[in-house]
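This report walks a new reader through one protein model, beginning with a hairpin, moving on to the sheet around it, and ending with a pocket.

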Amino acid sequence: MLIAADKFKGSLTAVEVAERVTAGLRRAVPGLDVDSLPVADGGDGTVDAAVAAGFERREVRVAGPLGQEVTAAFALRGDTAVVEMAEASGLQRLPAGVFAPLTASTYGSGELLVAALDAGARTIVFGVGGSATTDGGAGMLSALGARFLDAEGEPLAPGGGGLADLASADLTDLDPRLASVEFVLASDVDNPLTGPKGAPAVYGPQKGASPDDVQALDAALGHYAKVLERSIGAKAAEYAASPGAGAAGGIGYGALLLGARFRPGIEVMLDVLGFGPALEKATLVITGEGSLDEQTLHGKAPAGVAAAARAQGKEVIAVCGRLALPPEALGRAGIRRAYPLTDAEPDVAKCIAEAGPILERVAEGIARDFLT
C-alpha cells in the first residue's frame with residue numbers, strides 16, 4: 001500500500017494526510033504494511049514534501065512580497081535543491097486580508113535561489129505557484145544581479161506595476177553560477193506571460209487585482225518583455241509566449257530567462273521524491289488533495305500520481321475533501337474510485353475543521369472496501 005497524496009489546503013498538510021489515512025487503514029487492518037510519500041506539484045507544500053522524502057530543510061531570512069523580512073525554507077539533498085517560490089513570495093506571506101497586486105515583489109524568491117547556490121546546489125528544482133506577485137520575475141532577477149532602471153537611471157519601484165516605467169534592462173551581471181546549474185521550472189500551469197490567457201488576466205484577480213489592475217499589469221509585463229528584447233534579443237519575446245512563462249505571476253518568464261527548462265510540476269516532483277521505486281513495491285495507491293475537480297485533471301498531483309501508477313498497472317483510489325468530478329472523468333484519469341470527506345460528513349465547515357478524524361474514518365471505509 002502506497003499513500004501519495006497532496007495537502008488538503010487549509011486543513012491538512014500532505015504529511016498529515018498520509019498519517020491520518022495510515023491510521024484509518026490500520027484501525028481496520030492492524031499491522032498493514034503502508035508506505036507514505038507525500039507529494040506536491042511545485043506549489044506551496046513542495047519543500048515540505050521534499051523534506052518528508054529525506055531532504056534537509058534549510059532556513060534563511062529573505063524579503064517577503066512586501067519587502068518585510070521573513071524566514072523561508074528550501075530543501076537540499078546532496079547537490080540537489082528544491083526551492084519553492086511561495087516560501088518567500090507566496091500569498092501566505094501577506095497579512096490576512098491584504099493584497100498588493102501592483103507592488104508585491106519576487107525579490108525574496110531570488111534570494112532563496114542565491115541561498116541554494118551558496119549551499120552548493122548544482123541542480124535546482126524551482127517550484128512555482130501560490131504567488132502573491134505579478135512582476136514577471138523582475139524582483140527575482142534583481143536579487144540575482146539584474147538591473148532594471150527607469151528613464152532617470154533609477155531602480156524601478158518593486159512589483160509588476162513599476163514595470164510600466166522600465167527604460168533599460170541589464171542582465172550581464174547575473175550570478176555566474178547559474179550558467180553551470182541544471183535549473184528546472186516546475187509548474188502545473190502552462191500559461192504565456194501576457195494576453196487573455198496570461199498571468200494578469202487569469203491569475204491577477206485571485207491576488208486582489210481589479211479589472212483596471214489586470215489591464216495595467218498586462219501592459220506593464222508586455223512592455224517589460226519588449227525592453228528585455230532590446231537588451232538580450234528575440235529570445236525574450238519567444239520566452240514570453242512560451243508555456244509556463246505566466247506561472248506564478250510571470251516568475252516562470254524570469255526563470256526561462258535564466259535558462260530554466262519547463263516541466264510539469266508533478267512529474268518533476270515524482271522524480272525528485274523517488275516515486276518510481278516506491279510504486280514498484282505497491283499493490284494499491286491512494287492519492288488525493290483537498291478538492292478533486294477540473295483543475296485536478298490539468299497537471300495537479302493526483303492526476304500525475306494516477307498517470308504514473310496506471311502506466312505500471314497499479315490500481316489507484318483517491319481521498320479528497322470535496323469531489324466535483326463524475327466517475328467517468330475519474331476513470332479517464334486512472335482513478336478507480338474517490339472518497340470525499342463530505343460523504344462521511346455532509347457539513348462542509350465541519351469537514352474543514354475536523355478533516356483529520358473524518359479522513360481516518362474514510363480510510364477505514366477504504367480498508368473495508370479494498371483490503372478485507
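## A hairpin, its sheet and a pocket

In this predicted model, strand 3 and strand 4 form a hairpin with five residues between the strands, and within that hairpin G67 adopts a positive phi near 95 degrees. The two strands run antiparallel and are joined by eight bridges, and R58 has F74 in strand 4 as its bridge partner. F74 also has a bridge partner in strand 5, namely V83, and strand 4 (residues 69-77) pairs with strand 5 (residues 80-84) in the antiparallel sense over four bridges. The two antiparallel pairings can be set side by side.

| Strand pair | Bridges | A bridge pair |
|---|---|---|
| Strand 3 and strand 4 | eight | R58 and F74 |
| Strand 4 and strand 5 | four | F74 and V83 |

These pairings belong to an open sheet of six strands, which has the order 3-4-5-6-9-10 and mixed pairing. Strand 3 (56-63) and strand 10 (261-264) stand at its edges, and because each has a single partner strand, one side of each is left without a neighbour in the sheet. From one strand to the next, the twist averages 30 degrees.

Two helices are placed against this sheet. Helix 4 (residues 107-118) packs on the sheet and touches strand 3, strand 4, strand 5, strand 6 and strand 9 (182-187), while its direction makes about 135 degrees with that of strand 3. Helix 10 (residues 265-273) lies across strand 4, strand 5, strand 6, strand 9 and strand 10, and it runs at about 90 degrees to strand 10.

Is T123 buried or exposed? With a relative accessible area of 18%, T123 is buried, since the cut-off for that class is under 20%. Leaving aside neighbours within four places in sequence, T123 is in contact with D79, T80, A81, V181 and E182.

The largest pocket has a volume of about 980 Å³ and is lined by 40 residues, of which K7, K9, E289, Q295 and K300 lie nearest its centre. Helix 9 (247-257), strand 11 (284-292), strand 12 (315-323), helix 14 (341-344) and helix 15 (348-353) are the elements that give two or more residues to this lining. Sorted by class, the lining of the largest pocket holds twelve nonpolar, 17 polar and eleven charged residues.

Methods. Residues are numbered from 1 along each chain as its sequence is written. This is a predicted model: local features need pLDDT of at least 70, side-chain atom pairs count only at pLDDT 80 or more; totals for chains, interfaces and linings use all residues. Side-chain values use heavy atoms; hydrogens and water are left out. Buried means under 20% relative accessible area, exposed over 50%, partly exposed in between (1.4 Å probe, protein chains only). Contact means heavy atoms within 4.5 Å. Two strands pair if DSSP finds at least two bridges between them. Axes are lines fitted to C-alpha atoms, for helices over the stretch in contact, and angles run from 0 to 180 degrees between N-to-C directions. On a 1 Å grid over the protein atoms alone, a cavity is a set of points where a 1.4 Å probe fits but cannot get out, and a pocket is an open set with protein on both sides within 12 Å along at least five of seven lines; lining residues have an atom within 4 Å of a point. Grid points are joined across faces, edges and corners, and a volume is the space filled by probe spheres set on the points. Ala, Val, Leu, Ile, Met, Phe, Trp, Tyr, Cys and Pro count as nonpolar, Asp, Glu, Lys and Arg as charged, and the others, Gly among them, as polar.
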